[in-house]
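Please keep the sequence and the structure in view while reading.

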Number of protein chains: 2
Amino acid sequence: MARRSEHSKEQIREMALAAAEDIVEADGLAGLSARKIAKQIGYTVGTLYLVFRNLDDLVLHVNARTLDALFAKIQDSLHKCRTPRTCVLAMGRAYVDFATENPKRWNMVFEHQLAEGEEVPYWFADKVNMMFQLVQLQLTPLLESQTEKKIDLVSKTIWCGVHGICSLAVTGKLDISDAESIHVLTDSLINNYLAGMATTLKGE
Amino acid sequence: MARRSEHSKEQIREMALAAAEDIVEADGLAGLSARKIAKQIGYTVGTLYLVFRNLDDLVLHVNARTLDALFAKIQDSLHKCRTPRTCVLAMGRAYVDFATENPKRWNMVFEHQLAEGEEVPYWFADKVNMMFQLVQLQLTPLLESQTEKKIDLVSKTIWCGVHGICSLAVTGKLDISDAESIHVLTDSLINNYLAGMATTLKGE
DNA sequence: ACCTGAACACCGTTCAAGT
DNA sequence: ACCTGAACACCGTTCAAGT
């Protein structure tokens with residue numbers, strides 16, 4: 001066989017990632033396999049290993065795209081807010097909305113774990129950190145007198161909290177699943193945490 | 001072959017669950033397989049299917065044990081606290097400690113997802129709800145004037161938040177992983193959320 | 001009655017061989 | 001140079017057949 005250069009390596013990569021996204025959107029990470037991807041793009045399994053190190057590597061790249069889309073959506077949400085508090089609320093809502101609109105893909109980002117020895121590559125860790133920085137940026141005006149370390153703590157606490165609510169809701173471990181009901185929890189978390197923060201700072 | 005009743009069905013179940021726990025503790029859910037369990041208990045794969053519906057069913061039972069152990073640990077933590085706030089803090093710390101001490105088993109509880117059509121059995125959902133009720137029980141004195149629905153919202157928000165911090169930390173998605181550093185986040189979440197709650201109630 | 005072992009339909013990954 | 005296809009070592013699940 002060996003069809004000759006119908007597609008460049010870059011094209012095959014692209015096709016494989018798109019096919020993987022389709023399969024995950026339909027059947028989740030559990031439904032994904034190298035053989036299915038290969039079949040969908042009209043190549044043999046072996047070809048995938050010319051273009052990705054292994055399946056973990058491929059999944060990592062799908063997840064990177066998911067994080068990019070999520071980041072864009074959260075950044076967008078910042079156009080319709082004015083105060084730090086309402087901006088963090090908007091970001092929380094954008095996060096929840098993305099997760100409920102793309103549950104399988106969003107879920108895969110957190111479900112997937114690398115094998116014991118493997119390190120998350122720097123370009124992936126960067127994408128995660130950019131999300132936290134977006135939260136930090138909003139909170140800084142509220143915490144001007146605070147150390148960088150404290151601002152980091154506050155951002156992480158809020159964002160992990162929002163993530164926890166979202167995560168348990170989307171995977172059906174809460175008895176809640178529509179976006180509106182989830183917003184009630186994330187709003188409550190952000191509003192009360194920030195209100196508590198304010199009284200603590202005043203009392204200092 | 002066909003060894004005759006060396007063990008009762010109950011005993012085989014027990015042996016299989018214990019073996020599965022061992023394997024998960026060592027290699028996580030990804031390292032678990034029916035064939036490995038069978039080998040470790042000296043039976044053939046087929047035998048497992050005489051005693052469990054399938055591997056998902058077996059995992060569900062391992063997870064149930066993990067939740068039981070977690071519940072016991074959290075309940076224990078309530079002996080060394082006096083106020084609602086310090087009790088919730090103690091529970092949060094107990095949760096984080098359990099997760100960092102048994103990362104692989106704790107992780108499997110949330111990593112594992114049933115196939116599309118499958119419903120989480122009631123006896124499993126019950127165990128999850130008992131955890132939330134333990135939090136609710138502590139918070140009720142703080143929220144006496146509130147509706148049951150509101151108390152439910154507050155408990156879920158706090159507990160999901162604690163879970164989110166724990167989850168991202170234990171799976172290495174934060175740059176934090178020792179229990180002490182995680183406690184700083186969960187304490188911050190609980191203290192500030194409750195403080196914010198208090199000012200909101202006063203303002204009503 | 002209790003358990004086996006072989007079979008079936010799947011996996012991820014590699015790599016000699018074909019064009 | 002590019003890609004194949006067969007091989008290897010694994011899966012979960014079933015079920016006729018053995019004792």
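The points below cover the interface, the cysteines and the salt bridges in turn.

The model is predicted. Chain A and chain B bury about 2900 Å² between them, and the structure holds 2 disulfides and 22 salt bridges over all chains.

**Interface of chain A and chain B**

- The contact draws on 34 residues from chain A and 34 residues from chain B.
- Of the buried area of about 2900 Å², 64% is on carbon and sulfur atoms.
- The rule finds 4 salt bridges across the interface, and it also finds 12 residue pairs in polar contact there.
- On the side of chain A that touches chain B, at least two residues each come from α6 (103-111), α7 (122-139), α8 (148-170) and α9 (179-202) of chain A.
- The most is given by α9(A), which contributes 11 residues to that side of chain A.
- By residue class, the side of chain A that touches chain B comprises 15 nonpolar, 13 polar and 6 charged residues.
- B:K104 and A:E116 form a salt bridge through their side chains, with an N to O distance of 3.7 Å.

**Disulfides**

- In chain A, a disulfide links A:C81 with A:C87, with an S to S distance of 2.2 Å.
- The link of A:C81 and A:C87 is right-handed, with 95 degrees about the S-S bond, and both A:C81 and A:C87 are buried.
- In chain B, a disulfide links B:C81 with B:C87, again with an S to S distance of 2.2 Å.
- The disulfide of B:C81 and B:C87 is right-handed because the torsion about its S-S bond is about 95 degrees.
- B:C81 has a relative accessible area of 11% and is therefore buried; B:C87, with a relative accessible area of 6%, is buried as well.

**Cysteines at position 166**

- A:C166 is buried, with a relative accessible area of 0%.
- For B:C166, the closest cysteine sulfur is in A:C160; the separation is 10 Å, so the two are too far apart for a bond.
- B:C166 also counts as buried, at 0% relative accessibility.

**Salt bridges within the chains**

- The side chains of A:E10 and A:R13 form a salt bridge with an N to O distance of 3.9 Å.
- A:E10 and A:R13 are 3 residues apart in helix α1 (residues 9-27) of chain A, so about one helical turn separates them.
- A:E10 is exposed, with a relative accessible area of 55%.
- A:R105 and A:E25 also meet in a salt bridge, with an N to O distance of 3.5 Å.
- This pair connects distant parts of the chain, since A:R105 lies in helix α6 of chain A and A:E25 in helix α1 of chain A, 80 residues apart.
- A:R105 counts as buried at 16% relative accessibility, whereas A:E25 counts as partly exposed at 31%.
- In chain B, the side chains of B:E25 and B:R105 form a salt bridge with an N to O distance of 3.5 Å.
- Because B:E25 lies in helix α1 (residues 9-27) and B:R105 in helix α6 (residues 103-111) of chain B, their pairing ties together parts that are 80 residues apart in sequence.
- B:E25 is partly exposed at 30% relative accessibility, and B:R105 is buried at 15%.
- In chain A, salt bridges with shared partners join A:E14, A:E21 and A:R65 into one network.

Terms used. Residues numbered from 1 in each chain as written. Chains lettered and ligands numbered in written order. Predicted model: local features only at pLDDT ≥ 70, side-chain atom pairs only at ≥ 80, totals over all residues. Heavy atoms only, no water. Contact = heavy atoms within 4.5 Å. Buried area = accessible area lost by both parts, 1.4 Å probe. Polar contact = N/O pair within 3.5 Å; in protein donor to acceptor, adjacent residues only side chain to side chain. Helix = DSSP H or I, 4+ residues; strand = E, 2+ residues; numbered from the N terminus. Nonpolar A, V, L, I, M, F, W, Y, C, P; charged D, E, K, R; others polar. Disulfide = S-S within 2.5 Å. Buried < 20%, exposed > 50% of the residue type's maximum accessible area, 1.4 Å probe, protein only.
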